[in-house]
Every structure is written in C-alpha cells, then in structure tokens.
Amino acid sequence: MIELLAERFNFIIVIILMMTGLYAVVATGNLVKRLVGLSLFQTSVFLLYITMGKVFGGQPPILPESAEGHGETAGYDAAAHAPETALADAGHHVEAAIYSNPLPHVLILTAIVVGVATLAVGLALVVRIRESYGTIEDEAINQADYAVDSAGKNA
Amino acid sequence: MIWSPEIALLAALIIPAIGGVFVGLLGKSPNLREGATLVASVLLALNVAYLVSVTGDRPELIYEIGSTGLAFGLKLEPLGALFAAVASGLWIVNSLYSIGYMRGNNEKDQTRFFVFFTIAIACAMGVALSSNLLTMFLFYEALTLSTYPLVAHKGDAKARRGAAIYLAILLGTSIGLLLPAIIATQYIAGSTDFTVGGLLNGEASPMLASVLLVLFIFGIGKAALMPVHPWLPNAMVAPTPVSALLHAVAVVKAGVFAVLKVSTYIFGTELIAAAPASDWLAWIAAISIVAASVIAMSSNNLKRRLAFSTVSQLSYVTIGAMIAAPLAMLGAALQIVMHAWAKITLFMCAGAIYTASKKTEISDMRGLGRLMPWTFGAFAVGAFSIIGLPPFGGMWPKLYLMMGAASTGQLALIGALILSSILNVAYLLPIPGRGFFDPAPKESLKKPGPMLVVLPPVITAAGATILFFLIGPLTDFLAPVFGVEL
Amino acid sequence: MDFLASLLPAHIVEHAPAIVVVVPLLMAAIAAILPNGKLGWAVALVSTVISALLAIAIVVDVQAGGVVSYAMGGWAPPAGIEFRIDSLNAVLLLLITLLGLLSVIYALPSVADEIADNRQSLFYSAFLVCFAGLLGVAITGDAFNMFVFLEISSISTYVLVGMGAARDRRALTAAYNYLILGTIGATFFVIGVGFLYMATGTLNMADMASRLPDLSSSRVVQAAFAFIIVGLGLKAAMFPLHLWLPNAYAYAPNFVTTFLATTATKVAFYTLVRFMFDVFWPEAAFVAVSFFWVFAVLGIVGMIVASIQAVFQEDARRLLAFSSVAQVGYMMLGLGIGTAAGVSAGMLHLVNHAMMKGVLFMALGAFAVRFGIRRISDLNGFARTMPFTSVAFTIGGLSLVGVPMTVGFWSKWYLGVAAFENGWWWAVAALILSSLIALAYIARMLAAIWVAEPHHDRAGAIASARAPWMMLAPMWILAIANIWFFFQPDFLISITNAAAEAAFAGEAR
C-alpha cells in the first residue's frame, strides 16, 4: 500500500486538488470563489497530464549538433517516428538516448490557455452580474430572480 | 374520355380542396362564396358517382416515399366507394342546410366555417379512398385537425373547452393506440396495404391479433366505442350543421368505416373469428349500445340525446365487425349508409327547431310539431329508420346484424339489438309524438323556418325511405367484399 | 450539390477542410474591429457562405471517395493533427454550415433589435468564433484538438448567451452557470482523453481505435470511457446533465438560441457517437453495458421528464428548451439501441430536430422582434397579426409531435422500428408517451396562437405586422424543408445510414 502511494503520489495529489476544486464549485455561494474552485479543478488536470508525461532519465527532446546535417530533411520525419530511427539515420554519431516527451507539455500549454480564457470570461460575467444585481452571492441572486419570476406570473 | 379512374381518385381530394380555396377567396361576397361550396359539392358528387361506376376495376394510385418501404396511395373498392358516395351526396344537402342555418342565425366567421368544411370533406374522401393504413391514418388525423375549428366555432369558453376535449381524446387515442398498432402491423406484415382476405391473416397469431385488435378498435376514437366516446357529446357545442356533418357524414362515419375496413382488409373475417379479443369486444360494443341508449333517454337537451343515440348506433357497426360473420359485416356496412341518412335528418331538424324557435330542450318542444309540421314529420321518419321499422332504410342493417349474430350462435347479442330498438323508441318517438299530439305552444315561432333549413331534412328523410327499396343494388355492390350470397 | 462544389477552384478544394475552419476565425478578427453592426453582419454572412460552399465540396468528395483526410500543416498523422471527414461527420458539416447560414440571414433584424449598436460587430465576431469552433469539433480527427475546438465554441457560447443581458439580466446568471457546468464537462472530457493518451500513446482518434481493442481489460481505458461520456453527455444536454440548457436558451438573444438549438447539442451528440462507436468499440463489455444502462435508460427518462417539465412552463422559449432536452433523449435512445439502425435513427432525428427547432425558435424570435414576446400567454391571437410566422410555427410544432406530412414523423418511425427490431417494445411505448406529452405542450402554444383572443392592449395594433422578410425567408425555407423531406426522405436516409455505417466501420480496423 505504501509503495503504491509512493509510486503514484502524483495521482493522489491530482485527486486531492480535483476534489477540492469540485467541492469549492459546489459548496460555495460566492461566484468568484466558484471560479477559483473551477481553476483549481482545471489545474489538477494539468498536473495529471504533466506528471504522467514524465520520462525518468529523459533528456530535453532536442537533437544534438552532430546529427544536424542529416537532421535537416530527417527533422520532420523524426517528429513522426520514434527518435531511435532518426538516430539510426544519423549514422551512429550519437548514442541512443531517452528523450522527454514534449507532447503532454504542449497539450497543457493549450489547456492552460483555454483555462485562462474561461476564467477571463467567467470573471467578466461576474463583473456584469455585480453591476446588474449588486451582489455576487448566489443566494441573493436567486432571490432576485425568483422575485422577478413571481412578479412576472402575477403580471 | 379524359376522365380516367386514376384522375377521378385524385380529383375526389382535389375538388373539395380547390373549392375551399375559392370559398376563402370569395369570402367578401357571401352569395358567391356559398355558390363555390355548392359547385364544389355537386362536382364532387358527380366525380364520386363516376368512381362508383368503375369500382369493379379497382383503380389505384400509389406514391412510394423514396426508399423507406412506405407508400401513400389511393385505391378504390366497394366499401370505400360507398362511404365516399354517402359523404359526397350528403355534403350537397348539408351545404344547402348550412347556408340556411348560418344566415338564419347570423353566425359570425362564416368564411372560416365553409373553408374548413371543404377541407374536412377532402379528408373524409381521403379516408374513404386510402389504399393502406398509413394513408388512412394521415387523412384521419387531418380530419380531426380540420374539424377542430368547426367545433370551436362559437369561440366562447364553453366552445373552446368542448373542442379541447374533442381534440385531446381523438388525438390521444390515435397517436397513443392507433399509431402503435399501425407500426406493429408494418413490422409484422412488412406493409400496411389493405388486402383482400386480411393482411395479417396468416402472419399474426390469434393472441397477437387480439392485442392489435384492441389497439385498433379503441385507437379509432372516431368510432366512439365506450369509453372513448366522450368527445362526441362534448362536440355538441358546435353549430348544428357541424353536428350534422360530424354525426352523419364525415367524422363518425370515417371512424366506423375505418373499423370495418381494418376488420375486413387488415385482419380478415377468419382472423377476427379466431382472436379471443373479438368476443369480448363484441360484448363491449353491446354494452355500449345499451348504455348509450339509456343515457340518451335521460338527456333533456335534444342534441345531447342525439349524440348519445349516435354513440349507440355506431356500436352497431363495431358489433358487426367483431361478430365477423359475412351477414353481420354486411349489416355493419349497410348501417353506415342508413344511419348516415337518418341521423343527418334528425340533426338538421334539431337545427331547424333551434333556428325557428331558439329551443334546445325537449321539454320545451311540446306541440311545436303543429307549427313546424314538415320538420317534425322528417324527424319522425328519421326516428322510424333508426328504430328499424320498415319501410325505412334502417331496418336492413338491424336485420342483417341479427342474422349474422344468429349464424355464429351469439344469441345474447341479438337480445342487445332488440333491447336497443325498444330503447330507441323510448327516446326518439316522444319528440315527434309530443310535437304533434300535444297542444300548440302559446308563443308563436320567432320566425318561420327558412326554406333552406326545412327542405334538406325532408330530402334526407325521403332518401332514408328510398334506400329501403334500394337494398338489392346495395347488397350486390357490397357482395364481393363480404362474399355474401343472397 | 455537385454543381455547387464544382464552382470552386481545385486548389482551394484541396485545402477545404482547413479553410472551412480558418475563414470564420479570421473573419471573426476582422468583424471585431468593424465600427458598424451591419458590416459585422456582412462579414458573418460572407464567412458562412464560404464555409457552406466548402463544406458541400467536402461532402461531395466524401460521398464519392469515402474518407477525406487532411493533414494540418503537412504533418502526417498520427503524430500530426488530422482533419478527417467520413460519412459520419459529413452530416454534421452540412448541418452546421447550412443552419449557420440560415441563422445568419435571420440574424440581421433580430440582432439589430436586441443588441446595442456599438456591440453588434463584436457580437458577430463572437458568433464567428463559435461557428468556427463547432466546425472544428465536427471536422477534426484528433482527440485533444476536439477538446480545444469544443472549448473555443463553448467559451464563445457563454459570451453569446450573456449578451442577452440587455433584455433580461438573468442571461448573465444563465451564462455563468453554463460556464461552470460546461467547463466541468470539458475538463472531464480532457481527463478522459488524457487517460486514453496514457494507455495508447496517441491522440489521433483513428489510431486510438486501432490500438484500443488490445487494451480492453485496462482500467485506464474503462475510466477514460466513463469520463468521456460524462463530459460529452454534459455538453449534449443528456438528462440529468442538462440543467444549463433551459435558462441558457430562454434568456439568450433569439438569434443565439436559434443557432445553438440547431447546432451545439448536435455536435456534442456527434462526438459521443464518434467516441462510442469509432474510438471505442461496441463489443467491449464496458461499452456495451453503457448502451442500455446509461443511454437508453437516461434517454427515456429524459424524454418523459423533460417533456412533462415543458408542459408547465410559462415562458415560451424555456418550454421549447425543455422540449430540446427531451429530443436529445430521443437521440440518446437511438444511440442506446446500439445497432446501426438505432444510430441511423438517432442521426436522422438529429437532422430533423435541427430543422424543427430552427423553425420554432426563428418564429418565436420573429414574434419577439415585433412584439417582445416572452410568455406563452403573450402569444394569444397571433395568427391574425402575423399569419405567415404563425403557420411556420405550426408546421414546426406538428413536426415536433411527429404528425405525418412532416419530417418529424420519420424520426419517430425509424426510432420505433429500430427499437422494435431490438425487441424493446417498452422503448416504443415511451416514445409514444412522450409524443403525447409533446402534443400537450405544442397544442397549448398553438391554441394560444390560433384560438385565443388577443390581449386588449395589443388589439389596437393588430393591423398586420409582418415579420421582416429576412426573418421570414430562412424560417420558411426550414418550414418547407420539414414538409419536403417528408415526401422525399431518401437524401436524409441515405446520409444517416452512411453515417451509421461509418460509425460501425471503426470495428473493422
């Protein structure tokens, strides 16, 4: 059990963050705090991706100088095929190396941008809600809406 | 001749529709508008007469819908031709009557009234001439929708409520019960075509056929089998020409016609006889006959009494279809014709009484016959026909139904039919009886009945009498359907 | 269609999949800086027309060739991002572009009425971003790319919904709640994609589909499946994850509701089909169990509960929004039947529902433009004032119920037949029950329009106020389509059958 936790501690952290975030979304009545919870939730997913993409002993995914000449045309293909075959093309000038996987990081950059955009729109909505309702507490807003609804019914 | 049977089939739908367009366009000039209705009705009657004459060829017009395996179609066969003839013939009479009634009572929105009339007739033609269940369902639903504005015509809260119940029951039964039955038929038999001998005969087991039979019979809400009958008395909020149309020509006859057609061409007499459900459906119909007659007796409102009388008379057709003996089914088909002529007479008389004296309750009508002899005379003739006395047409369906019941050994059903006749006497005859034999009422009529309101019931009453003598040609016409040797 | 496709020069058609998405994005940027709302609208119109033409070209290619595969930036899949169009998403492409085009034509008077002048071009810009996002979701063959486009379309949707605040401030809370729920849904989806990446090492959906069958016992894959269907189910408004929809549709500007109701949930449904049948495979035990227990059951519950909720609504658009949830239930049932016939019926209903709801919401928008309609009781007696719009609304309503003569009948028919073939007669009963309930709420609205007496304060202004023709034209195109496709359903049936086959072809890999 302990070994499991030690080996997979990143997932534990991800789960804790995810649940904290979700709980914050559900439990709070304040709209901004809800957005904070959402951000927390999204951040946990970023951590999930990044930690799962860790290659132990991996080097930065950059082909070394000596393979450059062969790398010009092979460069693009290297991205598609396993690094080892590109190195084989390079003609044994470089030993076989383990590279870190850049893809999860790329994905997370994209996801971070998405998260930022979402947060921006969310906060903009909160600002307008504040302007319009005078409050950012869920309860008060629901009361105000309910009053409009009933007034509409009696109209 | 340019006029071929196929064109005539299509024309039966198009003539009323185009008539409706003209009626709508001519709304501003009432006389031209009424003229359009009459021209359309006469043309339709001529077209249908032509169709009746070519029934032997069984012309058909099928439109396949893409690759779905489903098709729409029109196909002529004796039952359908008969219904179409009844509907188109009575439309002429009803149109004359409507003109008189609407003007006599200064009803509003007359253009809307006449336009939807034509659409309803077109839909009734569609039901009569349909070649498969899908087409029939389509026109059946269109008939419900197009008669809704007619039922709600008066526009007040009471009318809207009655029309809402009308719509709810009819659409509810058709979408909830009839449509699943049609889908199941398509699934079991691969098509929904009306086939001689029965589409499901041989495809469905008696158990399955029983379930489907129940779905069909209660799904065809227009046949007003108890307990799906409440729409009928509720539809009495409509002006009387609409009631005459509903209870004689289009709606109810479309319902029982559909029942008969489904029984004959989808199930077939063998399958119905084999299915256990048909026995107790026949009993339900018998109970419906008697119960409705009893309710009729307790109604003081004339139209309501006639409505329940209709519920009762319609179940004759259902009982005949469920007995499934050839004579019984012949009786059921004849009932469609005879009852139509008799009931329209009764309703038109009710409308005439209302137009002339503004009276709707039977207790107020004592002695009125002395002031309106023609109207009450026609009523008496219609009543005799419904009771089943010779020399009026209504005798024949009763006779054949009883013979059919006897041939299958269901003597209790004969008892129900006889009881019904006695009850008919009890609730129908007092009206003309008291009308003629009680002393004349103190106040005179508000206005004498306009000719157009008095004449049509007399015509239809005469028709009911003449039909008595036409039994021979009628039976010959229907013989191929039921295989009856007389 | 072939003729339209042949109008375009070949080198553009070669890159059509990319251009279809890129053009609206670029035009969005242009629209954002335009001073005048009308110019913004013109830009939106041009952009949707271009996308529509290109989409038609792509669909023609697909019908001829089978699968169109386009490598973005020349990077070959499965490492590069691939835009992959087969018969399944060809349907979606057509739907989004054509309905987007009709909505944009409809938009000019509607938006001019509801959005402040200085914001209109920004509004159109947001619309174009949403349009591009939806097209991207439909067209992409890469799972993470799908997430990105999904979020692009969703974020712009939140903005669009929030723009309704000018008329009703509840649009803001509706947009906010939609944002929260939508983001949670998208995040669940991306968690699922992450698990799939962990298990298979690839993000390309076709590639995943070939690798997953070997991993069927892996917990990671099963967890991925669960996360993905919850996430996408939320976007598709599957019951009970539909809570964002009623308010969002009710308070957004009319044009937004029209566009979203016809495209957004459909795209999410497509992604569900794509994942369930193409990426994952129906024989896997964990997938097969979800057909019945998740999709069929929730579909039926949604159908009935949402329809009942619709009956009690006072606000007209909210009623139709609940109706949309119920209709999504129909599609889910088609999915849950799990056979090609079921998926085909679900896709057919997808297309038909877009047509039906398009007419209904457009008509409501037309009523609103003239008279500010909110509640059903406001609709009293409209048949006399705006007859064309009322008739179009009636056609849409009858189609929703499934009356023969309208295309909605075919959806119900094929769903019923597919359910029967599977032996699920109780599903047919549920289908009929929800149709009856639909009849109840449609009848209520139709009665208000055709039969009820108009309100007194409006009685003076009855003199016919036609809807602007730019609103009437797309409305009537859709209304006629509703009737036309009843009599000529072959086109729809062939594309939806092809779509279902394409979905099931994933197994063959």
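## The contact between chains B and C

In this predicted model, chain B and chain C meet in a contact to which chain B gives 18 residues and chain C gives 18 residues. On the side of chain B that touches chain C, the elements giving two or more residues are α5 (133–151) and α6 (157–189) of chain B. The largest share of this side, 10 residues, belongs to α6(B).

## The fold of chain A

Chain A has seven helices and zero strands. Followed along the sequence, its pattern reads α-α-α-α-α-α-α.

Chain A contains 155 residues, of which 21% are buried. When contacts in chain A between residues at least 6 apart in sequence are considered, 58% of them join residues at least 24 apart.

## The largest nonpolar core

The largest nonpolar core comprises 441 residues, and B:A12 and B:A87 are the members that touch the most other members. The element that gives the most to this core is helix α13 (residues 326–357) of chain B, with 22 residues.

Which residues are in contact with B:A87, leaving aside its neighbours within four places in sequence? They are B:I121, B:A124, B:M125, B:A128, B:V249, B:A250 and B:K253.

Technical notes. Residues are numbered from 1 along each chain as its sequence is written. Chains are lettered from A and ligands numbered from 1 in the order in which they are written. This is a predicted model: local features need pLDDT of at least 70, side-chain atom pairs count only at pLDDT 80 or more; totals for chains, interfaces and linings use all residues. Two residues are in contact if their C-beta atoms, placed from the backbone, lie within 7 Å. Helices (H or I, at least four residues) and strands (E, at least two) are DSSP runs, numbered from the N terminus. A residue is buried if 20 or more other C-beta atoms lie within 10 Å of its own, exposed if 12 or fewer, and partly exposed in between; C-beta atoms are placed from the backbone. A nonpolar core is a set of buried Ala, Val, Leu, Ile, Met, Phe, Trp, Tyr and Cys residues joined through C-beta atoms within 7 Å.
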